[in-house]
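Here is a briefing on the structure shown below. It moves from the overall fold to single residues.

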Amino acid sequence: MSEQRIVVVGAGLAGAHVVQGLRAEGFTGPITMLGQEPELPYDRTKLSKEYLQGRLDRAGILLHDESWYAENGVGLRLGVVAASIDRVARTLRLADGEELAYDRLVLATGADSRRIPFPGADLPGVMTLRDLRESDALKELFAGGGHLGVIGAGWIGLEVAAAARQAGMTVTVVAPNEQPLDNILGPRIGAYFADLHVRNGIDLRMGVGAKGILERDGCAGGIVTDHGDIATDAVLVAVGAVPRVALAQQAGLEVHNGVLTDERMVTADPAILAVGDIANAYNTLLGERLRREHWDNALRQGALAARTILGLDGAYDWQPYFYTDQFDLGMEYVGNNLATDEPVVRGALESGEFIVFWQRDGVVTAAMNVNIWDVNDTLRTIVGQAVPAERLTDPAVDLSALAAG
Ligand SMILES: Cc1cc2nc3c(=O)[nH]c(=O)nc-3n(C[C@H](O)[C@H](O)[C@H](O)COP(=O)(O)OP(=O)(O)OC[C@H]3O[C@@H](n4cnc5c(N)ncnc54)[C@H](O)[C@@H]3O)c2cc1C
């Protein structure tokens with residue numbers, strides 16, 4: 001194996017899986033991984049679920065314990081910010097001026113919470129959720145009880161709303177679209193999520209746009225909306241994420257909705273790769289570029305980048321996957337549907353246990369299993385196939401038979 005110097009910027013899920021992949025494939029050269037957070041690399045997906053609910057402690061969300069990095073010869077440097085790249089000299093400059101030389105540099109800088117620059121956005125008590133510190137702040141809020149206002153009915157807004165409600169808070173969610181998640185799952189399945197939240201006591205106000213944050217005693221005291229003011233004790237702004245591309249932009253790499261990479265996670269500069277939430281990578285299966293902010297994407301792209309660095313084969317050739325947990329709903333999704341694709345439901349929505357297939361021109365573009373487990377790998381084989389809707393919904397036709405069309 002070559003002894004190239006590898007530097008990974010970002011000690012999140014994707015960065016950690018690059019490092020893990022390199023060692024798993026037998027790479028023995030020097031690896032440095034930089035993370036601007038002071039924490040050991042952890043699984044961010046737990047911050048709105050088990051960790052927030054107190055079902056996992058800090059140690060329970062770590063990707064590895066501290067000794068793993070030393071045992072695997074990984075120079076993990078935490079609380080360190082990478083500031084700029086000199087592509088000609090192949091050096092990375094840190095915020096404190098230190099320079100690190102690299103042969104291959106991997107950018108895994110993730111995403112920031114999107115912020116809306118409306119009145120009151122900077123008031124104390126306006127919260128976002130992206131890192132451990134912010135999850136701790138929410139937990140503290142939950143402990144005190146009261147009324148949480150959530151702006152945004154996407155995955156994170158809904159997961160936090162559910163956790164807050166389960167912790168005994170009063171919760172109001174506002175969002176401008178007609179149904180939660182309808183921009184992804186379409187209106188029918190979006191309505192299912194709306195019903196789930198209303199049934200569990202969330203005051204869900206769809207079709208309501210937030211215009212600002214109400215001030216009360218110098219702190220966030222509610223949400224100003226186009227349908228009037230809603231008084232709350234704290235406000236979570238959960239309106240999506242923006243990829244952290246500053247470093248890539250400064251380096252002159254191609255950036256358009258993330259850092260552009262080929263199917264092997266390589267940017268326009270062959271010495272620099274990008275993975276995870278920041279990568280807008282060419283997917284060979286779908287024949288288009290995708291940027292996905294999902295756990296599975298971070299794991300798989302991290303492992304793929306490691307193989308690319310080592311000259312091993314592999315490509316971004318899989319269907320996207322994600323999951324969520326909200327109240328008693330657990331689901332997994334595989335595929336890449338448009339919100340306008342036709343949902344076909346196998347089973348009954350009312351039962352709380354069903355599978356949804358999305359179809360476009362007779363072809364299954366995505367599938368989602370809700371509270372039915374160990375079927376997602378089978379669903380993955382069905383996505384991309386032309387299958388008549390009657391077969392998809394027929395309980396007499398075994399799922400495994402559907403892949404054949
Ligand atoms: C609350 C929450 C819940 C989620 N739930 C789900 C879920 O249920 N299912 C799902 O599929 N996905 C979920 N996700 C998405 C998933 O967590 C992300 O897709 C994944 O973490 C992306 O990994 P990453 O390594 O690309 O980025 P990150 O995990 O964000 O890691 C990036 C790291 O880079 C560091 N960094 C950034 N810039 C610099 C710099 N200049 N110098 C040094 N370090 C830097 C950051 O501090 C951070 O530690 C969730 C995300 C959040 C925030």
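Contact means heavy atoms within 4.5 Å. On that basis, residues 24 or more positions apart account for 59% of the contacts in the protein with a separation of 6 or more. This is a predicted model: local features need pLDDT of at least 70, side-chain atom pairs count only at pLDDT 80 or more, and totals for chains, interfaces and linings use all residues. Residues are numbered from 1 along each chain as its sequence is written, and side-chain values use heavy atoms, with hydrogens and water left out.

**Overall fold**

- The protein has 11 helices and 26 strands. Both are DSSP runs numbered from the N terminus: helices are H or I with at least four residues, strands are E with at least two.
- The radius of gyration is 22 Å, close to the 22 Å that the globule rule gives for 405 residues, so the protein is as compact as a globular protein of that length. The radius is taken over C-alpha atoms, and the rule is 2.2 Å times the number of residues to the power 0.38.
- Along the principal axes, the C-alpha atoms fill a box of roughly 65 × 55 × 35 Å.

**Burial, surface and charge**

- Of the 405 residues, 54% are buried. Buried means under 20% relative accessible area, exposed means over 50%, and partly exposed is in between (1.4 Å probe, protein chains only).
- The accessible surface of the protein is about 16,700 Å². Carbon and sulfur atoms hold 49% of that surface. Areas come from the Shrake-Rupley method with a 1.4 Å probe; for residues, only the protein chains shown count as cover.
- There are 34 positive and 54 negative side chains. Lys and Arg count as positive, Asp and Glu as negative; His and the chain ends are not counted.
- The centres of the two charge sets lie 3 Å apart. Each charge is placed at NZ of Lys, CZ of Arg, CG of Asp or CD of Glu.

**Domains**

- The assignment gives domain 1 (6-112 + 242-309), domain 2 (126-239) and domain 3 (328-402). Domain bounds come from an automatic or database domain assignment.
- Domain 2 and domain 3 have C-alpha centres 29 Å apart.
- Across that pair, 12 residues of domain 2 are in contact with 15 residues of domain 3.

- Met265 has a phi near 75 degrees, a positive value in a residue other than glycine. Met265 sits in the loop between β18 (259-261) and β19 (272-274). Its relative accessible area is 0%, so Met265 is buried.
- Phe327 also is not a glycine, and its phi is positive at about 50 degrees. The loop between β22 (321-326) and β23 (329-335) holds Phe327. Phe327 counts as buried because its relative accessibility is 15%.

**Loop residues and their contacts**

The contact lists below leave out neighbours up to four places away in sequence.

- Ala11 lies in the loop between β1 (6-9) and α1 (13-24). Ala11 is buried, at 14% relative accessible area. Its contacts are Met33, Leu34, Gly35, Pro41, Leu76 and Leu78. Ala11 and Leu78 are 67 residues apart in sequence, yet 8.0 Å apart in space, C-alpha to C-alpha.
- Gln36 lies in the loop between β2 (31-35) and α2 (66-71). Gln36 is partly exposed, at 48% relative accessible area. Gln36 touches Gly79, Val80, Val81 and Arg244.
- Asn336 lies in the loop between β23 and β24 (342-348). Asn336 is buried, at 14% relative accessible area. Its contacts include Leu286, Glu288, Leu290, Arg292, Gln319 and Pro320. Arg360, Thr365 and Ala366 are also among them. Asn336 and Ala367 are 31 residues apart along the chain, and their C-alpha atoms are separated by 8.8 Å.
- Arg114 lies in the loop between β8 (111-113) and β9 (126-127). Arg114 counts as partly exposed, at 38% relative accessibility. Arg114 touches Val237, Val239, Gly240, Ala241 and Val242. From Arg114 to Ala367 the separation is 253 residues in sequence and 28 Å in space, C-alpha to C-alpha.
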